[in-house]
Amino acid sequence: MPRTLAVANQKGGVAKTTTVATLGAALVELGQRVLLVDLDPQACLTFSVGIDPEDLDKSIHHVLLGGVRARDVLIELDGALDLLPATIALATADVQLARESGPEQVLRTALRPLRTAYDWIIVDCPPTLGLLTVNGLSAASDVLIPLQCETLAHRGVGQLLDTVHDVQRLTNPGLRVLGVLPTLYDGRTTHARTVLETIADTYSLDVLQPAIPKSIRFAEAPAIGETVLSTAPASPGAKAYRALAGALLH
Ligand code: ADP
Ligand code: MG
C-alpha cells in the first residue's frame, strides 16, 4: 500500500505545488516510486513538471467524472515518477462531483487499481475547501499543511482542520495530520518563529522539520520543468526538501 499524502491549505501561494513537485522528486532520489496527482484546475503542478495542459486531451477530470481509468491518463515523467495531470476542465468538477453518489470518494476509488505501482502518491490540492480537496483528503493516509509564516498565516488553519475532522468522521477515519510544514521561511526573523510557535500551540499540530527556507531559486525551476533538486542541488532549499523526504521515510 502506498502512503498517500494530501498537500492541502485553502490559502494560495503557500508552496503546496512546490512541495508536491520537490518532495516527490526527493523521494524518487531515495529510490521510491512516486505518483503526483494534480487536483488544481490551475494545473500549476502539471506545468511545473514540464507538461503543457493545453496539449492534453485527457486529464484527471475525465478520471473523476468521465469514467476514464487513471492508468489511461497517467504521464510517465521519468522512470519512477508519474503524473496524473490537471487541465482547466477541472474548474467545473466541484459542481459536477456534487451530483455523483458518494462524491467524496471518487478519487480514492480511481486510485485503488494503482496501489501496487507506487510507494507514494502525493496529491496537490486546490486552494479551496470544496469537493476536490475533500476528495484529496478522503483518498489520503496523511495530510501535510504547508504554511507561510506570516502574521495572518494561521487564519484559515482552523477551517482546514474542521474539514479534515469532517473527512475523518465521514469517509476516512484513518487520515492522519502529519503536521504543518513551514514554507518561505525566513529564520532570521523572530517573527517567523513566533508565528510557528503560536500555530503549534493553538492547534496542537506538529511542526515538521526542517522549515523550507525562502529562496529565489524556487521561482526559477518550474519554468523549465525542473525542481530545485536539479537546478540548485546544493541550495538550502534543495537540502531542506531532501531532509523532509528522508524524515518521511523513517
Ligand atoms: P501554492 O501551490 O500553495 O499556491 P506554489 O507552490 O505555487 O504555492 O508557490 C507560490 C509561489 O511561491 C511560486 O511562485 C513559487 O515558485 C514560490 N515559492 C515556493 N516555495 C518557495 C520558497 N521556499 N522560497 C521562495 N519562493 C517560493
Ligand atoms: Mg498550487
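Throughout this tour, a contact means that heavy atoms lie within 4.5 Å. You are looking at a predicted model, in which local features need pLDDT of at least 70, side-chain atom pairs count only at pLDDT 80 or more, and totals for chains, interfaces and linings use all residues. Residues are numbered from 1 along each chain as its sequence is written, chains are lettered from A and ligands numbered from 1 in the order in which they are written, and side-chain values use heavy atoms, with hydrogens and water left out.

**Stop 1: V37 and the cores**

Select V37 to begin. Not counting residues up to four places away in sequence, V37 touches L45, I60, L84, L111, I121, I122, V123 and D124. V37 also belongs to the largest nonpolar core, which has 49 residues. Such a core is a set of buried Ala, Val, Leu, Ile, Met, Phe, Trp, Tyr and Cys residues joined through side-chain atoms within 4.5 Å. Here buried means under 20% relative accessible area, exposed means over 50%, and partly exposed is in between (1.4 Å probe, protein chains only). Along with I60 and L111, V37 touches the most other members of this core. Apart from it lies another core, of 34 residues; V28, L178, I212 and L244 are among them.

**Stop 2: the whole chain**

Now zoom out and switch to a cartoon view. The chain has 11 helices and seven strands; these are DSSP runs numbered from the N terminus, with helices (H or I) of at least four residues and strands (E) of at least two. Along its principal axes, the C-alpha trace spans about 50 × 40 × 30 Å. How does the radius of gyration of the chain agree with that of a compact globule? With 250 residues, such a globule would have a value near 18 Å, and the chain has 17 Å, which agrees. That radius is taken over C-alpha atoms, and the globule rule is 2.2 Å times the number of residues to the power 0.38.

Of the 250 residues, 52% count as buried. Among contacts between residues at least 6 apart in sequence, 80% join residues at least 24 apart.

**Stop 3: a pair of rings**

Next, select F218 and Y241. They form the one aromatic pair that a search of the whole structure finds. Their ring centres are 5.9 Å apart and their planes stand at 65 degrees, so the pair is edge-to-face. (Rings of Phe, Tyr and Trp, the last by its six-membered ring, pair if their centres lie within 6.5 Å; planes under 30 degrees apart count as stacked, over 60 as edge-to-face and the rest as tilted.) The pair links distant parts of the chain, 23 residues apart: F218 sits in helix α9 (residues 217–220) and Y241 in helix α11 (residues 236–249). Both F218 and Y241 are buried.

**Stop 4: N172**

Move to the loop between α7 (157–170) and β7 (176–183), where you will find N172. Is N172 buried or exposed? N172 is buried, with a relative accessible area of 4%. Its side chain reaches the backbone oxygen of S138 at 3.2 Å. Leaving aside neighbours within four places in sequence, N172 is in contact with R108, L137, S138, A139, A140 and V167.

**Stop 5**

Follow strand β7 to T183, which is buried at 1% relative accessible area. Leaving aside neighbours within four places, T183 is in contact with V14, A15, T19, P146, L147, Q148, C149 and I212. For a distance to check, the C-alpha atoms of T183 and T109 are separated by 31 Å.

R188 lies in the loop between β7 and α8 and counts as exposed at 74% relative accessibility. The R188 side chain makes a polar contact with the side chain of D186 (3.0 Å). A polar contact is a pair of N or O atoms within 3.5 Å; within protein, one must be able to donate a hydrogen and the other to accept it, and residues adjacent in sequence count only if both atoms are side-chain atoms.

**Stop 6: backbone details**

Select A15, in the loop between β1 (3–7) and α1 (16–29). A15 is not a glycine, although its phi is positive, about 85 degrees. S204, in the loop between α8 and α9, has a positive phi near 40 degrees. A15 is buried at 16% relative accessible area, whereas S204 is exposed at 65%.

Finish at P210, in the loop between α8 (190–203) and α9. A cis peptide bond joins Q209 and P210, with omega about -5 degrees.
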